[in-house]
Amino acid sequence: MVRKVAVIGAGVSGLASIKACLEEGLEPICFERSDDIGGLWHFTDSAENGRASIYTSVCTNSCKEMMCFADFPFPEDFPNYLHNTKIREYLQMFAKHFDLVKYIKFKTLVIHVRKRPDFPITGQWEVETEVEGQVESHVFDAVMVCSGHHVYPNNPAHNYPGIEKFKGKYFHSREYKGPDKFRGKKVLVIGLGNTGSDISVELSNVASQVYLSSRNGSWVMSRVWENGYPWDMVIVNRFETFLRNTLPTAISDWLFVKQMSRWFDHENFSLVPVNRTLRKEPVFNDELPSRITCGSVVVKPGVKEFTETSAVFQDGTVQEGLDYVIFATGYTFAYPFVDDESILMCKDNMVTLYKSILPPRLEKPTMAVIGLVQSLGSATTTAELQSRWATRVFKGLYKPPSESRMMEDIDEKMGKKLKWYGQCDSLQTDYIVYMDELASAIGVKPNIPLLFLTDPKLAAQVYFGPCSSYQFRLMGPGKWDGARNAILTQWDRALKTTRTRVVHSPQNSFPLFAFLKILALPLLIAAIFWVFV
């Protein structure tokens with residue numbers, strides 16, 4: 001029977017896992033190699049080996065109502081999109097409120113996780129840790145791996161011919177902390193993701209010129225959506241997910257491209273993706289189009305090769321006089337502390353996990369990987385529900401299927417991922433579909449038909465409004481009495497920090513016009529079919 005659980009890492013996933021263990025009556029011990037909680041959101045002045053690293057100006061791309069823990073909303077006076085210092089403050093508040101810190105051993109490095117000899121019977125693990133050079137061995141009934149996937153940089157510099165001759169400086173974006181040393185310099189940023197875009201925009205204020213290189217392009221979205229509401233509160237809802245997954249592919253693709261193009265014509269800014277219909281995660285940057293328009297950022301194609309002072313691009317153009325090259329080329333993930341590589345085998349940016357959590361070939365389901373997912377939803381809410389699912393598995397309250405059935409499910413999901421997101425984004429998944437799968441398994445998915453019968457006001461918000469984490473605390477194990485009110489008041493909290501001057505207006509806090517447009521969409525589709533069929 002599972003009782004003692006090792007949690008590796010005290011970031012967002014680790015804190016969620018500690019709390020989930022406590023909710024199920026388990027005994028967690030969390031090992032954190034640094035001196036504080038926060039993981040990715042624990043800023044340091046320089047990159048440290050084995051830890052995630054962020055730059056000074058990092059802000060969230062998910063708004064506070066969509067990224068809070070389901071039973072612990074952000075303070076009302078926090079802004080919708082949060083600077084990394086605010087996230088860390090929130091995590092400290094969360095850990096204090098639920099008394100989680102006493103379960104964490106800081107400055108403790110996990111060096112080995114291996115099966116015990118009697119694992120097929122007991123499911124137990126031996127965990128070796130190191131504290132100030134002293135190695136200790138522990139026995140645990142289960143392990144939750146919460147070490148994140150922004151630790152090991154994917155640095156392809158050696159793949160570019162001539163890079164060894166380049167006389168300027170080049171490094172991975174992991175090393176970037178701020179713009180000061182780039183004043184008056186010419187900088188090439190390789191990689192059109194969130195990090196590459198953020199760095200390009202920030203440097204454009206001090207550098208003499210910034211060049212942003214992208215092989216495949218990307219959709220770029222603003223955090224501010226219709227009527228000034230946060231983008232994810234408007235877009236990430238059950239109704240849009242239903243339409244996307246039930247409409248004919250041609251119509252679904254057309255609607256997707258239309259939605260991604262609503263802000264500006266990406267072709268005019270050389271940003272349009274090579275494959276426009278892939279549901280790859282878009283870039284969120286409110287300033288990039290403006291910087292391109294002003295000429296302080298110039299978008300370039302992929303780099304072919306380097307010379308001593310220049311970059312030669314795939315279209316044959318050459319940019320001379322470069323001082324810096326920053327590779328904003330993402331990360332790989334690895335679990336060097338797991339002795340048996342077959343348990344968590346990482347290959348080609350893929351790892352085989354049932355429901356993106358459970359290694360399927362274990363004799364006993366006593367290891368879970370938390371947080372190894374990317375989607376349009378928040379990593380916080382995903383990790384929280386994953387940890388609740390995993391602890392129910394540990395307790396035997398949810399029994400996973402056989403290994404063969406798990407592998408069939410993994411293969412089926414991977415096929416869908418490659419179709420929707422492309423080969424390089426194997427961590428991506430459909431947020432609401434994925435969350436509902438986990439929630440259904442442990443009995444916490446909201447019963448929407450029943451809600452429409454018993455509480456239609458709440459049901460309308462749950463189905464047509466933002467799919468916020470509160471929905472997964474409405475019923476079942478871990479139910480939170482404040483969930484209903486949190487859902488009904490989430491639009492008010494979203495407006496609280498932007499309505500800082502008294503303005504007399506008849507507008508309601510709920511985006512009525514956006515809501516009516518959503519309801520009108522089925523009529524539009526029916527009209528299309530009536531005309532063309």
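Lysine 355 is placed in the loop between strand E21 (350-351) and strand E22 (367-369), where helices (H or I, at least four residues) and strands (E, at least two) are DSSP runs numbered from the N terminus. This is a predicted model, in which local features need pLDDT of at least 70, side-chain atom pairs count only at pLDDT 80 or more, and totals for chains, interfaces and linings use all residues. Residues are numbered from 1 along each chain as its sequence is written, and side-chain values use heavy atoms, with hydrogens and water left out.

Although lysine 355 is not a glycine, its phi is positive, at about 55°. Lysine 355 counts as buried because its relative accessibility is 13%, buried meaning under 20% relative accessible area, exposed over 50% and partly exposed in between (1.4 Å probe, protein chains only). Aspartate 99, in the loop between H3 and strand E3 (104-105), also has a positive phi, near 55°, in a residue other than glycine. Aspartate 99 has a relative accessible area of 39% and is therefore partly exposed.

## Asparagine 80 and its surroundings

Asparagine 80 lies in the loop between helix H2 (64-67) and H3, and with 10% relative accessibility it counts as buried. Leaving out residues up to four places away in sequence, asparagine 80 touches Ser62, Cys63, Lys64, Pro230, Arg493, Ala494, Thr497 and Thr498, contact meaning heavy atoms within 4.5 Å. A polar atom of the asparagine 80 side chain lies 2.7 Å from the backbone oxygen of alanine 494.

## How H1 and H3 pack

Helix H1 (residues 12-23) packs with helix H3 (residues 84-97) at an angle of about 15°, and their axes are 11 Å apart. Axes here are lines fitted to C-alpha atoms, for helices over the stretch in contact, and angles run from 0 to 180 degrees between N-to-C directions. H1 and H3 are therefore roughly parallel to each other, a term for angles under 35 degrees, while those over 145 are roughly antiparallel, 65 to 115 roughly perpendicular and the rest oblique.

On the H1 side, Val12, Leu15 and Lys19 meet Leu91, Phe94 and Ala95 of H3. By class, this contact of H1 with H3 has five nonpolar, no polar and one charged residues, with Ala, Val, Leu, Ile, Met, Phe, Trp, Tyr, Cys and Pro counted as nonpolar, Asp, Glu, Lys and Arg as charged, and the others, Gly among them, as polar.

## Helix H7

In helix H7 (residues 238-246), the buried residues are Arg238, Phe239, Thr241 and Leu243.

Technical notes. Polar contact = N/O pair within 3.5 Å; in protein donor to acceptor, adjacent residues only side chain to side chain.
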